[in-house]
Amino acid sequence: MAGKFDKQADFYANGRPTYPTEWYSMLAALTPHHSLAWDVGTGNGQAATGIAEHYEQVVGTDVSEAQLKLAMPHPRIRYLHTPLSITDDELVALIGGENSVDLITVATAVHWFELPKFYSLVTRLLRKPGGVIAVWAYKGVVVSPIFDPVMKRFYDTTLPYWDPTIKSVFDDYKTLPFPFESVGIGCEGKPQQLDIPQEVSFEKFLNMLRSWSPVNTAKDQGVDLLSESVVKELESAWGGPKLIRSIAYKGFMLAGKIKL
């Protein structure tokens, strides 16, 4: 996924939904220690800042330098660029060493990872016993009976341009390999369904759509999925450009610990 979101880093930072603070409290309650957390694929640090309210230090890593340049500063967060060329041993040492991490989080990114390699790193880095890994994403949004059918039509136009790598997102991570012992928040094949409520302007919602990888893949192929007419139709169904709406993204999460 190196460079996958570089071009739209600004839209990503401005448009992606923030996750409920309750999620971080829920995850923090699962780990007996709160010294170190690792947020993988941190992007602009959206999840890292929430995690930092519960852990003494958070390491946020990403392969995208463009994303990290927009990362939100926080006194307890250390952001690190981790190019694909970095070795596993180098990465383990960089994060904190084996058996050192209390919580590992991956917010809307694990579907891009080379999972056997990543899970091997998780096994080495998570504190045993007590360490927890949590991965989550979202798919779909509920806005209003008028807007939702218009959004569905737009979504259907993006389908040919989605990277097949992220097929696990389409089924809410039900097919995502997750070889960890359940801690009560989903398990392999049965993710926990969680809503992400938001108060959103139309411009913010539009920025979220502009950050989508298929929208940018289509643009690279000369296809403008968010043409002026499409944007106008979405705006009209939203209720106008100035309306702030209460909406809900449909999230799903898997959390677990190392099987001993």
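Me: Where is the place of Pro129 in the chain?
Reply: Pro129 lies in the loop between α6 and β5. Helices and strands here are DSSP runs numbered from the N terminus (helices are H or I with at least four residues, strands are E with at least two). The model is predicted, so local features need pLDDT of at least 70, side-chain atom pairs count only at pLDDT 80 or more, and totals for chains, interfaces and linings use all residues. Residues are numbered from 1 along each chain as its sequence is written, and side-chain values use heavy atoms, with hydrogens and water left out.

Me: What kind of peptide bond joins Lys128 and Pro129?
Reply: A cis one, with omega at about 0°.

Me: OK, on to the strands. Are the residues of β1 buried or exposed?
Reply: In β1, 5 of the 5 residues are buried, so the strand is largely enclosed by the rest of the structure. Buried means under 20% relative accessible area, exposed means over 50%, and partly exposed is in between (1.4 Å probe, protein chains only).

Me: Which residues of β1 point one way and which the other?
Reply: Leu36, Trp38 and Val40 point one way, while Ala37 and Asp39 point the other way. In a regular strand, side chains alternate between the two faces of the sheet.

Me: How many bridges are there between β1 and β2, and in what sense do they pair?
Reply: β1 and β2 pair in the parallel sense over 5 bridges. Two strands count as paired if DSSP finds at least two bridges between them. Across that pairing, Val58 in β2 stands opposite Ala37.

Me: Through which helix does the chain cross from β1 to β2?
Reply: Through α3, residues 46–51. The β-α-β crossover is right-handed: with the strands pointing away from the viewer, the path from the first strand over the helix to the second runs clockwise.

Me: What is found in the loop between β1 and α3?
Reply: Gly43 is found there. Gly43 is buried, with a relative accessible area of 5%.

Me: How many Å separate the C-alpha atoms of Gly43 and Gly240?
Reply: 30 Å. Along the chain, Gly43 and Gly240 are 197 residues apart.

Me: Back to β1. How many bridges pair β1 with β4?
Reply: There are 4 bridges, in the parallel sense, between β1 and β4, which covers residues 103–107. The bridge partner of Ala37 in β4 is Leu103, and Asp39 stands opposite Thr105.

Me: Is β4 buried or exposed?
Reply: 5 of the 5 residues of β4 are buried, so β4 is largely enclosed by the rest of the structure.

Me: How many bridges join β4 to β5?
Reply: 5 bridges join β4 to β5, which spans residues 132–142, and the two strands run parallel. Leu103 has Val132 as its bridge partner in β5.

Me: Change of topic: α5. Which residues of α5 are buried?
Reply: In α5, residues 88–95, the buried ones are Leu91, Val92 and Ile95. They cover an arc of only 100° around the axis, which puts them on the same side of α5. The arc is that of the directions from the helix axis to the C-beta atoms.

Me: What is exposed on the other side of α5?
Reply: Asp89 and Ala93 are exposed there.

Me: What about Asn99, where is it found?
Reply: Asn99 is in the loop between α5 and β4. Its phi is positive, about 60°, although Asn99 is not a glycine. Asn99 is partly exposed, with a relative accessible area of 36%.

Me: And what is the phi of Tyr173?
Reply: Phi of Tyr173 is near 65°, a positive value in a residue other than glycine. Tyr173 is found in the loop between α8 (167–170) and β6 (181–182).

Me: Does Tyr173 count as buried or exposed?
Reply: Tyr173 counts as buried, at 0% relative accessibility. Asn99, by its 36%, is partly exposed.
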